[in-house]
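The chain is shown first.

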Amino acid sequence: MGEKTIYFLFTDTGTYLAKAINYCTKQSLNHVSIAFDHELKEVYSFGRKRPRNPFIGGFVREDIRSDFLKESACAIYSYRLSEADCEKVLRKIKEIEARKHDYKYNFLGLIGVLLRIEIEREHALFCSQFVATVLRETESFDVKKPLCFVTPADIRNHIGLNLIYRGRLGDYQQCMKQAEHKLVKGEQTLSKQSFIYTLSEKVKQFVIR
């Protein structure tokens, strides 16, 4: 059984809500999304459905090229999963997406995290709770706490994550294109999976520290 690479995107939009969460958690980059391609064409999370309204939220497919996200500070990590586990994760996401109108953003759950009160709500998730939920049935990604307490920092600090980019999200595509151009010129005989893995290593050269 082979392996596949998934990606975690951590962002900070600089909005008032993001600043408030940063203050309460003493952490930055407090929004996490999950993707299945290095170009981040398919990015899934729980967040605001309307960029200008933080109080209308739920399951979202995020567009990293949107005006709302492209100015965000971000960190992008890759993570290797077995093909079977990757299929499980994607299947779970598609199940939630198919019922997305039944789901809402778990604002009350965020208060529970801050107060250390375990609050389980049906069909209500916040971003890191969503990511932990879809990864729950995998063999390698084991979170040692109730899902309602999982924070973006818990996911970011998980063993096995590989930082490939840090900086302005809007600059990621250009860095990736530069890395891809160098890779294609120098290593044209790589398999598809090896190409993606090596591309991640090339993009890492452009990490803004």
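## Loops with positive phi

Arg116 sits in the loop between helix 4 and strand 7 (124-125); helices (H or I, at least four residues) and strands (E, at least two) are DSSP runs, numbered from the N terminus. The phi of Arg116 is positive, about 60 degrees, although Arg116 is not a glycine. Most residues other than glycine have a negative phi. With a relative accessible area of 52%, Arg116 is exposed; the classes are buried under 20%, exposed over 50% and partly exposed in between (1.4 Å probe, protein chains only).

Leu29 also has a positive phi, near 55 degrees, and is not a glycine. Leu29 is in the loop between helix 1 (16-25) and strand 2. Its relative accessibility is 9%, so Leu29 counts as buried.

## Basis of the values

The model is predicted, and local features need pLDDT of at least 70, side-chain atom pairs count only at pLDDT 80 or more, while totals for chains, interfaces and linings use all residues. Residues are numbered from 1 along each chain as its sequence is written, and side-chain values use heavy atoms, with hydrogens and water left out.

## Surface patch and a partly exposed alanine

Leu108, Ile111, Leu114, Leu115 and Ile117 make a nonpolar surface patch of about 460 Å². Patches are made of residues with over 30% relative accessible area and no salt bridge; like charges are joined within 9 Å, nonpolar side chains (Val, Leu, Ile, Met, Phe, Trp, Tyr) within 5 Å. A salt bridge is a side-chain nitrogen of Lys or Arg within 4 Å of a carboxyl oxygen of Asp or Glu. Accessible areas come from the Shrake-Rupley method with a 1.4 Å probe, and for residues only the protein chains shown count as cover. Leu114 belongs to helix 4 (residues 107-115) and is partly exposed at 45% relative accessible area.

Ala84, in helix 3, is partly exposed at 30% relative accessibility. The C-alpha atoms of Ala84 and Glu139 are separated by 9.8 Å, and the two residues are 55 apart along the chain.

## Nonpolar cores

The largest nonpolar core has 35 residues, of which Ile6, Phe8, Ile34, Ile93, Phe130 and Leu135 touch the most other members. A core is a set of buried Ala, Val, Leu, Ile, Met, Phe, Trp, Tyr and Cys residues joined through side-chain atoms within 4.5 Å. At least two residues of this core come from each of strand 1 (3-12), strand 2 (31-35), strand 3 (43-50), strand 5 (73-82), helix 3 (83-98) and helix 5 (127-135). Helix 5 gives the largest share, six residues. Another core, of 15 residues, lies apart from this one and includes Val43, Ile76, Ile164 and Leu169.

Not counting residues up to four places away in sequence, Ile93 touches Ile34, Phe36, Tyr44, Phe59, Phe130 and Val134, where contact means heavy atoms within 4.5 Å.

## Aromatic pairs

The whole structure holds 13 aromatic pairs. Rings of Phe, Tyr and Trp (its six-membered ring) pair if their centres lie within 6.5 Å; planes under 30 degrees apart count as stacked, over 60 as edge-to-face and the rest as tilted. Phe46 and Phe130 form a tilted pair, 5.2 Å centre to centre with 40 degrees between the planes. This pair links Phe46 in strand 3 with Phe130 in helix 5, 84 residues apart, and both Phe46 and Phe130 are buried.

Phe59 and Phe130 have ring centres 6.0 Å apart and planes at 80 degrees, so this pair is edge-to-face. Phe59 is in strand 4 (residues 53-62), 71 residues from Phe130. Ring pairs join Phe36, Tyr44, Phe46, Phe59, Tyr103 and Phe130 into a cluster.
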